[in-house]
Every structure is written in structure tokens, then in C-alpha cells.
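Thanks for asking for a second pair of eyes on this one. Here is the model, with my notes below it.

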Amino acid sequence: MKVVNRGFIYVEPKQAFCDWAKQHDEDFDFDESDDLEGNLYLIEEDFFEYEPLIESHFKKIMKNECLAVVDSDEDYPKPTLDLFLEWFTIRVGSSVFDTQKTDLESDKL
């Protein structure tokens with residue numbers, strides 16, 4: 001097993017995000033009780049406080065989460081930290097372990 005030099009922010013939708021998503025995508029038929037799968041965002045490995053870390057990444061993360069539902073930046077509200085925390089459960093960690101023998105691959109979005 002290998003240790004990857006990244007930490008992570010795990011983002012899981014709350015009911016408020018699900019309600020917004022249902023208004024913008026008729027195929028979005030989920031709510032918080034469905035135990036929705038969240039997304040993992042790799043971040044810098046070394047950090048000491050969560051708040052500045054969340055503040056520096058929440059806009060990019062919220063944009064990515066919203067664009068999974070709508071097609072344009074104009075179709076979702078302006079990202080604010082309060083709205084981000086209202087829409088998502090956040091977990092932060094500093095250790096990422098790779099259990100696979102193959103190399104990591106990445107694509108730029």
C-alpha cells in the first residue's frame with residue numbers, strides 16, 4: 001500500500017442541495033435519506049486548521065457539485081460559505097492511502 005501526498009475534503013449532499021437539484025433536474029429523484037454517495041476532493045496534505053482550508057476550496061467544490069446538476073454557471077446561486085455548509089456535509093482528513101498497484105491517473109477538468 002502507498003501513502004498519497006494529499007489530504008481530502010469529503011462532500012456529501014444534504015436535503016437543501018437535493019431540494020435545489022430537484023427544481024433544476026427532473027431526473028434528480030434523491031433526498032438526504034437515500035444515503036447519497038458523496039465526492040472526495042484531494043487537497044494539500046499538510047494543514048492545521050479546517051476553517052481556512054474549507055474557505056479556500058468551497059467555491060471550486062460547490063461549482064463542481066452544482067454543474068453535476070445544471071449545465072451553466074448561471075444556473076446555480078452564487079457560492080457562499082454559508083450556502084455551501086447548508087447544502088453539504090463536510091469531512092476533512094489528512095491521510096490518503098492507495099491500495100492499488102497500478103499508478104494513479106488524472107484528467108484535467
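This is a predicted model: local features need pLDDT of at least 70, side-chain atom pairs count only at pLDDT 80 or more; totals for chains, interfaces and linings use all residues.

**Notes on the model**

1. Residues are numbered from 1 along each chain as its sequence is written, and side-chain values use heavy atoms, with hydrogens and water left out.

2. Overall, the protein has three helices and five strands, running β-β-α-β-α-α-β-β from the N terminus. Helices (H or I, at least four residues) and strands (E, at least two) are DSSP runs, numbered from the N terminus. Of the 109 residues, 34% are buried, meaning under 20% relative accessible area; exposed is over 50% and partly exposed lies in between (1.4 Å probe, protein chains only).

3. Please look at the open sheet, where three antiparallel strands follow the order E3-E2-E4. Its edge strands, E3 (39-43) and E4 (88-93), each pair on one side only. Two strands pair if DSSP finds at least two bridges between them; E2 (residues 7-13) and E4 have six.

4. Glu12 stands opposite Thr89 in E4 and also forms a salt bridge with Arg91, the closest N and O atoms being 3.7 Å apart. A salt bridge is a side-chain nitrogen of Lys or Arg within 4 Å of a carboxyl oxygen of Asp or Glu. This pair links E4 to E2 across 79 residues.

5. Which residue does Asp98 meet in a salt bridge? The partner is Lys2, at 3.8 Å, N to O. The two sit 96 residues apart, Asp98 in strand E5 and Lys2 in strand E1 (residues 2-4). Asp98 is buried at 10% relative accessible area, whereas Lys2 is partly exposed at 35%. A polar atom of the Asp98 side chain also lies 2.9 Å from the backbone nitrogen of Gln100.

6. Lys63 and Asp73 form another salt bridge, at 3.7 Å between the closest N and O atoms. Lys63 lies in helix H2 (residues 50-67) and Asp73 in the loop between H2 and helix H3 (81-87), so the pair ties together parts 10 residues apart in sequence.

Note on methods. A polar contact is a pair of N or O atoms within 3.5 Å; within protein, one must be able to donate a hydrogen and the other to accept it, and residues adjacent in sequence count only if both atoms are side-chain atoms.
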